[in-house]
Amino acid sequence: MKCIKCKNEASIYIRRHNSAFCKDHFIEYVFHQTEKAIKQYKMFTQDEKILVAVSGGKDSLALWDILISLGYKADGMYIDLGIGEYSEKSKEKVKKYANKKALKLHIISLKEIYGLGIEEIAKRNKKVPCSTCGVIKRYIMNLTARELGYNAIATGHNLDDEAATLLGNILHWQIDYLEVQEPIHKEEGYFVRKVKPLYRLTEIETSAYCIIKKIDYIIDECPMSHDARSLMYKESLNILENKSPGTKEHFYYGFLEKGIKYIKRQEEKIELKNCQICGEPTTKDICVFCKQMEKAHLNSLDIKNSIERLKSQQ
Ligand code: Q46
Ligand code: ZN
Ligand code: ZN
């Protein structure tokens with residue numbers, strides 16, 4: 001098979017576009033798809049500062065590398081969740097990448113702050129690890145980005161992730177979630193803008209990008225991940241994609257172009273107060289993060305103080 005651009009031997013075939021590319025033109029394709037996503041949703045500009053949430057996996061490291069290659073000002077943020085060997089290995093991959101490229105990387109470690117990892121914290125507040133983890137990660141990312149002056153938080157969600165989430169949300173008619181399934185959440189008060197610049201690329205493409213660019217990423221999944229449903233949705237979509245290439249893309253892009261406008265309700269102004277413990281915005285008296293930490297007998301302000309320390313080291 002020949003590359004559609006230069007007619008040299010192709011290295012990768014993208015079935016849904018019926019296109020084959022050599023290595024160089026595949027990288028160009030990846031850049032083009034990412035730029036298209038950034039421009040279409042006005043995610044950020046070359047002058048803005050972006051904080052990339054890096055986990056050590058293929059998607060987030062590819063995202064960081066793509067943004068830097070495209071000339072964006074992107075720093076990394078790694079949250080060490082204290083999940084044994086998995087966290088150690090993934091942290092090493094992220095540090096290795098940042099050092100190699102001489103990029104700025106912020107690290108917040110739960111174990112260092114609390115002496116506990118996510119599993120123990122979740123056990124203490126009687127929640128499953130992923131729900132505790134989600135709350136903690138969102139809180140830390142937002143606070144760090146805001147305090148350190150970033151304009152946007154970028155995450156490595158890809159087309160497979162977004163299509164699977166969309167399928168799950170439709171199967172259960174989760175209107176509240178469907179309304180916010182665009183690849184951008186604009187900034188709101190104290191909440192920093194959140195964007196997903198890789199929503200036009202599949203996970204096979206982000207892995208291929210890392211392999212071609214020799215980016216060393218962690219292949220293992222987080223051992224806490226037991227989300228059988230999301231895996232099932234991904235597998236179902238893969239069956240459809242195999243039979244009819246382009247299904248995932250049509251499904252998600254079609255939703256963005258045609259479907260979401262019927263679902264989005266008039267934006268109601270939600271009254272935000274300041275959390276009585278940490279001062280962060282919340283609809284309740286105490287924010288969900290502080291509630292969780294209170295239940296786990298941990299001081300939520302310790303996180304704020306660590307972020308203050310990061311700020312003073314700037
Ligand atoms: S890191 Fe955290 Fe994920 Fe691990 S504990 Fe669950 S949410 S699976 S993306
Ligand atoms: Zn080529
Ligand atoms: Zn709070």
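The zinc ion, ligand 3, sits in a tetrahedral site, with angles of 106 to 116° among its four donor atoms. Tetrahedral here requires four donors with all angles between 85 and 135 degrees. The coordinating atoms are the SG atoms of C275, C278, C287 and C290, at 2.2 to 2.4 Å. Donors are N, O and S atoms within 2.8 Å of the metal (3.2 Å for Na, K and Ca), and water is not among the atoms, so sites may look incomplete. The donor spacing in sequence is C-x2-C-x8-C-x2-C. C287 and C290 are both buried, meaning under 20% relative accessible area with a 1.4 Å probe, protein chains only.

A word on the basis. This is a predicted model, where local features need pLDDT of at least 70 and side-chain atom pairs pLDDT 80 or more, while totals for chains, interfaces and linings use all residues. Residues are numbered from 1 along each chain as written, chains are lettered from A and ligands numbered from 1 in written order, and side-chain values use heavy atoms, without hydrogens and water.

Next, ligand 1. Around it are L81, C130, C133, K137, C222, M224 and S225, each with a heavy atom within 4 Å. By class, that shell has five nonpolar, one polar and one charged residues.

A cavity is a set of points on a 1 Å grid where a 1.4 Å probe fits but cannot get out; lining residues have an atom within 4 Å of a point. The largest cavity holds about 30 Å³. Its lining is Q40, Y199, R200, Y253, L256 and E257.

Key:
On a 1 Å grid over the protein atoms alone, a cavity is a set of points where a 1.4 Å probe fits but cannot get out, and a pocket is an open set with protein on both sides within 12 Å along at least five of seven lines; lining residues have an atom within 4 Å of a point. Grid points are joined across faces, edges and corners, and a volume is the space filled by probe spheres set on the points. Ala, Val, Leu, Ile, Met, Phe, Trp, Tyr, Cys and Pro count as nonpolar, Asp, Glu, Lys and Arg as charged, and the others, Gly among them, as polar. Four donors count as tetrahedral if all angles lie between 85 and 135 degrees; four count as square planar and six as octahedral if opposite donors are over 155 degrees apart and all others between 65 and 115; anything else is irregular. Buried means under 20% relative accessible area, exposed over 50%, partly exposed in between (1.4 Å probe, protein chains only).
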